[in-house]
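Reader: I would like a close look at one part of this model, taken strand by strand. Please start with a strand pairing, and then go on to the rings and the DNA.

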Number of protein chains: 2
Amino acid sequence: MPMVNTAKNMGPVKEHLKSLGLTKYEALVYIALLRVESASATEIHEISGVPRASVYPVLDKLMKKGLVSVSNTTPKRFDAAPPDEGVEHLLRQIELDATAAKEELVAIYRSREDREEKKQEMIWTLSGRENIENRISDMFSNAASSVIIFASRDLITPRILDLIAQIPGTVSIDLATNGIFAPGDLPDHVRVRSIENLIDTGLLQGDQMAGVFIADRERVLLRLNGDETTPSALYSESPAFLQLFLNYWNHIITSFFS
Amino acid sequence: MPMVNTAKNMGPVKEHLKSLGLTKYEALVYIALLRVESASATEIHEISGVPRASVYPVLDKLMKKGLVSVSNTTPKRFDAAPPDEGVEHLLRQIELDATAAKEELVAIYRSREDREEKKQEMIWTLSGRENIENRISDMFSNAASSVIIFASRDLITPRILDLIAQIPGTVSIDLATNGIFAPGDLPDHVRVRSIENLIDTGLLQGDQMAGVFIADRERVLLRLNGDETTPSALYSESPAFLQLFLNYWNHIITSFFS
DNA sequence: TACCTGTCGTCTTTGTTGTGACAACATTTA
DNA sequence: TAAATGTTGTCACAACAAAGACGACAGGTA
């Protein structure tokens with residue numbers, strides 16, 4: 001029995017189109033129109049599974065978004081814009097909004113009330129691998145003098161390696177971890193220290209992995225929970241909190257590489 | 001009297017953030033957090049106008065989107081990610097979805113049932129200036145041998161001039177219009193013909209302007225309605241429809257430039 | 001006549017928006 | 001120290017708006 005051509009086999013495509021601002025119906029109709037060369041409203045209804053009466057307003061919206069064109073015949077026939085053009089056009093609109101939003105928000109951000117002192121004593125929690133690595137990216141790209149990393153090898157992801165590679169040569173980079181790197185993974189000016197037994201450092205306990213990322217000896221990020229669940233991290237500019245890890249670092253390099 | 005700092009003065013920022021996938025509350029809370037250095041949930045409620053109880057789930061979602069971080073103090077305090085980072089991150093996610101969607105849709109597009117013959121006889125309607133110029137862009141960038149344009153000068157927008165400039169030199173370009181161009185507006189190999197009295201050509205009637213764009217003598221776009229309302233255009237690959245305008249073109253160049 | 005298209009009004013469903021209540025905890029007051 | 005007061009974080013749920021779904025109908029075509 002051949003696969004039925006209903007709206008049942010909806011892949012992740014619809015989700016992707018939704019984040020571009022399309023509704024479920026709009027996605028279904030557009031996809032239906034891509035399947036065939038051109039179609040009447042009723043044919044679209046049959047292919048997409050969208051109620052016939054709902055097809056018309058949906059086609060209207062798709063036309064306004066430039067994804068669909070109409071014939072002037074009666075009955076009207078509809079045609080989809082090629083997907084690369086169409087998606088590109090949608091994306092361009094969103095990018096416009098993004099840059100506009102960015103400017104407006106930066107204006108607000110600049111005029112905020114400044115109370116850095118209090119903020120510095122705070123310890124912040126980040127959640128989600130993406131967001132954590134974004135923060136690390138921010139730390140590294142703003143680092144002026146030094147970067148210190150000691151972490152379980154598993155936490156030094158390719159993304160992190162890439163971030164390290166982009167740090168200018170004027171910044172000193174210290175890296176202590178277990179495991180090894182492929183040639184070319186790291187720039188030459190990175191001082192790498194290898195720690196065989198990570199448990200002695202406290203970085204590895206059972207399944208728990210940890211990693212410490214320090215920039216300019218002023219900002220520290222502590223990555224926790226290397227396991228399956230959504231990882232979290234602590235970030236701080238608190239001198240007290242920082243001193244803790246700077247001491248930790250001194251302890252490691254003196255006792256393991258005396 | 002100074003401007004009150006309530007949630008009343010909400011500019012277009014919120015709209016822009018919405019098209020990046022944020023809800024109204026998420027936008028309000030994020031903006032509120034940008035105003036101040038860091039805030040408790042109740043402070044956020046006071047600044048943003050979002051109900052206190054609703055602030056918590058909203059903050060959760062913002063954290064997952066990487067726009068907000070939490071302190072580990074009690075009570076918790078919240079902090080906004082800098083807007084350039086934050087917006088950039090949101091946009092990156094959407095761009096990922098866009099490229100994914102594009103690939104998936106192109107796959108569908110390729111495997112569609114082909115009935116080009118019928119489609120060729122069709123005359124399609126496009127609506128919206130953006131969408132029309134996008135189609136023209138598509139026509140021009142795919143043109144292999146020739147491009148013909150005769151249109152009221154007002155319809156040759158800077159965008160169109162830019163599109164013309166990007167056509168390779170191997171493609172012959174003919175342009176007939178009223179009005180003039182600034183030096184450098186057009187590449188050298190464009191054959192420009194100047195028509196003083198556009199009414200005789202039928203391109204201009206009262207307030208109605210029209211323009212014809214032909215690529216490779218195979219595809220024609222007829223732009224109408226130069227006035228205020230959302231403009232529309234006809235597009236066709238029908239040989240009969242095309243012949244109409246090719247004759248038209250011959251008539252113009254012979255009777256005006258004999 | 002019979003059929004199909006395009007449009008309208010309506011109802012349901014879903015997600016966001018908004019309100020009140022409450023236990024846990026901290027702070028102040030007696 | 002104990003009671004009183006206030007604040008935080010969480011929950012349940014009402015109100016609302018947008019999207020989704022269905023049936024009915026006038027007009028046109030065959």
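Author: In this predicted model, Ile173(A) stands opposite Val190(A), a residue of strand 7 of chain A. Strand 6 itself covers residues 172-177 of chain A, and 5 of its 6 residues are buried, which leaves the strand mostly covered.

Strand 6 of chain A also pairs with strand 5 (residues 146-151) of chain A; these two run parallel, with 5 bridges between them. Here Ile148(A) stands opposite Asp174(A), which is in strand 6 of chain A. Between strand 5 and strand 6 of chain A, the chain passes through helix 8 (residues 158-165) of chain A, and this β-α-β crossover is right-handed. As a general point, side chains in a regular strand alternate between the two faces of the sheet.

Next, the aromatic rings. Over all chains, the structure holds 8 aromatic pairs. One of them is formed by Phe140(B) and Phe213(B), a tilted pair with 6.5 Å centre to centre and 50° between the planes. Phe140(B) lies in helix 7 (residues 129-141) of chain B and Phe213(B) in strand 10 (residues 211-215) of chain B, so this pair ties together parts that are 73 residues apart in sequence. Both Phe140(B) and Phe213(B) are buried. In chain A, ring pairs link Phe150(A), Tyr248(A) and Trp249(A) into a cluster.

Rings also meet charges. Arg135(A) has its charged end over the ring of Tyr235(A), 4.6 Å from the ring centre. In chain B, the charged end of Arg135(B) sits over the ring of Tyr235(B), 4.6 Å from its centre.

DNA strand D is surrounded by 13 residues, and the closest are Lys24(A), Tyr25(A), Ala53(A), Thr42(B) and Lys76(B). Among the atoms of DNA strand D within 4 Å of the protein, 61% belong to sugar or phosphate, and the rest belong to bases. Helix 2 (24-35) and helix 4 (52-64) of chain A, together with helix 4 (52-64) of chain B, are the elements that give two or more residues to the surface near DNA strand D.

Technical notes. Residues are numbered from 1 along each chain as its sequence is written. Chains are lettered from A and ligands numbered from 1 in the order in which they are written. This is a predicted model: local features need pLDDT of at least 70, side-chain atom pairs count only at pLDDT 80 or more; totals for chains, interfaces and linings use all residues. Side-chain values use heavy atoms; hydrogens and water are left out. Buried means under 20% relative accessible area, exposed over 50%, partly exposed in between (1.4 Å probe, protein chains only). Helices (H or I, at least four residues) and strands (E, at least two) are DSSP runs, numbered from the N terminus. Two strands pair if DSSP finds at least two bridges between them. A crossover is right-handed if, with the strands pointing away from the viewer, the path from the first strand over the helix to the second runs clockwise. Rings of Phe, Tyr and Trp (its six-membered ring) pair if their centres lie within 6.5 Å; planes under 30 degrees apart count as stacked, over 60 as edge-to-face and the rest as tilted. A charge sits over a ring if NZ of Lys or CZ of Arg is within 6 Å of the ring centre and within 35 degrees of the ring normal. A residue is near a molecule or strand if one of its heavy atoms lies within 4 Å of it.
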